[in-house]
Amino acid sequence: MRIVCIGGGPAGLYFALLMKKQNPAHEISVVERNRPYDTFGWGVVFSDATMEAMRAWDPDSAAEIEDAFNHWDDIEVWFKGTRQRTSGHGFVGIGRKKLLNILQRRCEALGVELVFETDVASDLDYADADLVIASDGFNSKIRNRYQEVFEPDLVTRPNRYIWLGTNKLYDAFTFDFRKTDHGWFQAHIYKFDDKTSTFIVETTEDAYEKHGLGQMDQQGSIDFCQDLFSEVLDGAELMTNARHLRGSAWLNFNRLICGKWSHFNGHSHVVLMGDAAHTAHFAIGSGTKLAIDDAIELTNQFNRHGHAKEQIPAVLEDYEEIRRVDVARIQNAARNAMEWFEVVGRRYADTLPPEQFMYSMLTRSQRISHENLRLRDKAWLEGYERWFASQAGVEPSADGRVPPPMFTPYTMRGVTLTNRIVMSPMAMYSAKDGVLDDFHLVHLGARALGGAALVFGEMTCVSPDARITPGCLGLWNEKQAEGWKRFVDFVHGNSTAKVGIQLGHAGRKGATKLAWEGIDQPLQTGDWPLISASALPYLKNSQVPKAMDRADMDRVKADFVRATELAVTTGADWLELHCAHGYLLSSFLSPLTNRRTDEYGGSHENRARYPLEIFNAIRAVWPEDKPISVRLSCHDWFEGGNTPDDAAIFAQMFKDAGADMIDCSSGQVWKEEKPVYGRLFQTPFSDKIRNEVGIPTIAVGAISEADHANSVIAAGRADLCAVARPHLADPAWVLHEAARIGLTDIAWPKQYYSGKQQYETNLARAAAAK
Ligand SMILES: Cc1cc2nc3c(=O)[nH]c(=O)nc-3n(C[C@H](O)[C@H](O)[C@H](O)COP(=O)(O)OP(=O)(O)OC[C@H]3O[C@@H](n4cnc5c(N)ncnc54)[C@H](O)[C@@H]3O)c2cc1C
Ligand SMILES: Cc1cc2nc3c(=O)[nH]c(=O)nc-3n(C[C@H](O)[C@H](O)[C@H](O)COP(=O)(O)O)c2cc1C
């Protein structure tokens, strides 16, 4: 086969050498526009896993690379006059030049033709090639020639960065955060050979503009960075090796993914590899790893299908399918890490104490969890747990132990929760005339005995026509209040849990069948008239609601007040106002469902006006010493709908009105929504609102292990975690999770103690048998 790699970066060189090694009969050329020793950039980092794969595929180059590697374990963070260090993070760094030179020599030794100083204009210049590898980097000319085929999806990120070097050697991957008059700057620093360290400086577009960095030449920028980071540089100078770049050399990162990775140009098969196909932000340093992994997988597919040119289409198809999954995974983690650095100034640096700032930084990709950190550096994590517990007012036990973050207490107004887990409100569609009866007593009571610190009943409707279904709970008469009181008394008498009531009105999503008879489907018989912000039906076949007039607003407000007054008589501890999921108050907040032209529609202030009226009215009658949280849909997941930025504006308004917490849910506002699900998928909304608006939050959504909850609470991404579906599967979810992470000094209901011991012993035995 005749193979031409256009571009001699890590992708092109490594693929060329692997293929030549597999089959020396292949005729392979790598064509590179630069000279052998010219390259932009300093060092790159690898993980141990990539090295292992390289060792398996080509031990010769792997051995040379390993010889040249600088290995380090520690991460050090300089922040607000503190220097914090943790260990066990295992990175290896190598100079980019060094890496390329090793790969170039290895290519030559195996008989790959290396052509330098040749700027390739087109893949058609190599019409004799069976396979053309477009390994020509992010600005790939080859990819750009076939835009319609490759469908590149490019997003330019807002931060600016400059890639510099220094001769000062650092013995840890070092991050330094510095505040200026115009915002924060951060340096990402790591040593990659025995003379040099990479020094990347990053900041927001705003700070970049206000400091005039766009108008400075490279030396001006270097002087600026040298001055700003003088403490960590300790007299060393910063250097550039990108003098060839015009202007200031501050770049924006571009996130790239392609719809298709290969194309037949009439002569040759052309396939994208490395940065030409995808990019991953330097915040998790995986660009070179992805390039190397691409090269390995393409070679692997030739080994599977056979090294004949007839196999190329099948090889390329499988290569793309496999690599696409891995790239998506890495890009996902890189996105979280990148976004952390984009908002770090206003969201974390200005608000979090140094200890929590460090924890938040270490877990920024959401791939490293609390228990991962324990494996990496137990002593550091235990120190952090002690710090966190002390903030929550917990003294260490005689042997110095403290509970992990999820099991620390939390106080809001006069209510103290024994841990950070909330059983999230969940409609059960099992009430008759809105009355909380035996089913609810057993269902909710079991969850209170099962360890949740705050147990919410389902959305409890403020009037008969406020119900979602005929089976929903209500709070508009004495009988319903008595049902609630029986449950509250049971919980208070038999557990340490507190009880929350979520008050709501279904609005345009009302008068529907029970969930198991057809979610959101309108009732065939026995329905009632619906009201909403605007006269828009939820489904095509849903009833068209009436757009509320002032008389409707006054009536519904009175219903909320009556429900709150009844809630007071139940002795419940906590109230939540349901302003999410497309129900009545949510329908005012979202521009998708609120098309009003009066003072209740249009601006944020207008859309929030009625929900705030309700909030103020219930706050006035709910006891001072008891909290009220507000549940918001923080993302409508649909073009033209609310985004987390809008949610933060509403959160601020509720905060100003005296709300204690925002319960950060999302969606269910617009039927055609396109949510992106995944582990902790709504936690970023809670993180944003808690740390930008400065109001405590509840995170909810796909939090299904103690490790998730610990990571979220410890990082300050939320104050409480609400857990819904896992509580349906396991009423004692909290107690079981405690046992799974080895926390045994936690109270079980006294009646269940012998079960506790057996459960813990069985878990310990199962772990020992592994
Ligand atoms: C600030 C920064 C820090 C980074 N840090 C890391 C890190 O720590 N770890 C990590 O793994 N990755 C890092 N990366 C990413 C990494 O540099 C790339 O992901 C990696 O080099 C991709 O390899 P590649 O072979 O696909 O592309 P490249 O390395 O870009 O190679 C493409 C090659 O093609 C050549 N070329 C382009 N067009 C033509 C043409 N028309 N004709 C001939 N030759 C051409 C170029 O000269 C170049 O040599 C970083 C990137 C940046 C910007
Ligand atoms: C059966 C069921 C009923 C629900 N009912 C309500 C409700 O009444 N009020 C509410 O705000 N959310 C309701 N939700 C949403 C949950 O409170 C929670 O936000 C969601 O399930 C995500 O959490 P999870 O991933 O832990 O399940 C319900 C969810 C389920 C599964």
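Which residues of helix H25 are buried? The legends below, drawn from a predicted model, take up this question first and then turn to other close-up views.

Figure 1. In helix H25, the buried residues are Trp733, Val734, Leu735, His736, Glu737, Ala738 and Ala739. Because seven of the eight residues of this helix (residues 733-740) are buried, H25 is largely enclosed by the rest of the structure. The cover over the buried residues of H25 includes strands S20 (421-423) and S29 (720-723). Helices also contribute to that cover, among them H15 (438-449), H23 (706-714), H24 (725-729) and H26 (753-769). Gly742, which follows H25, has a positive phi, near 85°.

Figure 2. Helix H22 spans residues 683-693, and nine of its eleven residues are buried, so the helix is largely enclosed by the rest of the structure. The buried residues of H22 are Thr683, Phe685, Ser686, Asp687, Lys688, Ile689, Arg690, Asn691 and Val693. Among the elements covering them are helix H11 (312-349), helix H21 (644-657) and H23. Strand S27 (661-665) and strand S28 (697-700) are also included in the cover of H22. After H22 comes Gly694, with a positive phi, near 80°.

**Figure 3. The shell around ligand 1.** A polar backbone atom of Pro10 lies 3.2 Å from an oxygen atom of ligand 1. In the side chain of Asp119, an N or O atom is 3.0 Å from a nitrogen atom of the ligand. Gly287 places a polar backbone atom 3.4 Å from an oxygen atom of ligand 1. On its own, ligand 1 has 990 Å² of accessible area, and the protein covers 90% of it.

**Figure 4. The shell around ligand 2.** Around ligand 2 there are 16 residues, the closest being Ser424, Pro425, Ala427, Ala702 and Arg725. Ser424 has a polar side-chain atom 2.7 Å from an oxygen atom of ligand 2. A polar backbone atom of Pro425 is 2.7 Å from an oxygen atom of the ligand, and a backbone N or O atom of Ala702 lies 2.7 Å from an oxygen atom of ligand 2. The protein covers 82% of the 610 Å² of accessible area that ligand 2 has on its own. The shell around ligand 2 consists of nine nonpolar, five polar and two charged residues.

**Figure 5. The annotated span of residues 406-734.** An unreviewed UniProt entry assigns the feature "domain: NADH:flavin oxidoreductase/NADH oxidase N-terminal" to residues 406-734. This span is 36% helix and 16% strand, and its end C-alpha atoms lie 10 Å apart.

**Figure 6. The surroundings of Ser221.** Ser221 is located in helix H8 (residues 218-228). Its relative accessibility is 0%, so Ser221 counts as buried. Beyond its neighbours within four places in sequence, Ser221 is in contact with Ile162, Leu213, Met216, Ser248 and Trp250.

Conventions: Residues numbered from 1 in each chain as written. Chains lettered and ligands numbered in written order. Predicted model: local features only at pLDDT ≥ 70, side-chain atom pairs only at ≥ 80, totals over all residues. Heavy atoms only, no water. Helix = DSSP H or I, 4+ residues; strand = E, 2+ residues; numbered from the N terminus. Buried < 20%, exposed > 50% of the residue type's maximum accessible area, 1.4 Å probe, protein only. Contact = heavy atoms within 4.5 Å. Near = heavy atom within 4 Å. Polar contact = N/O pair within 3.5 Å; in protein donor to acceptor, adjacent residues only side chain to side chain. Areas by Shrake-Rupley, 256 points an atom, 1.4 Å probe, with all protein chains shown as cover. Nonpolar A, V, L, I, M, F, W, Y, C, P; charged D, E, K, R; others polar. UniProt positions renumbered as here; feature names shortened; annotations may be inferred.
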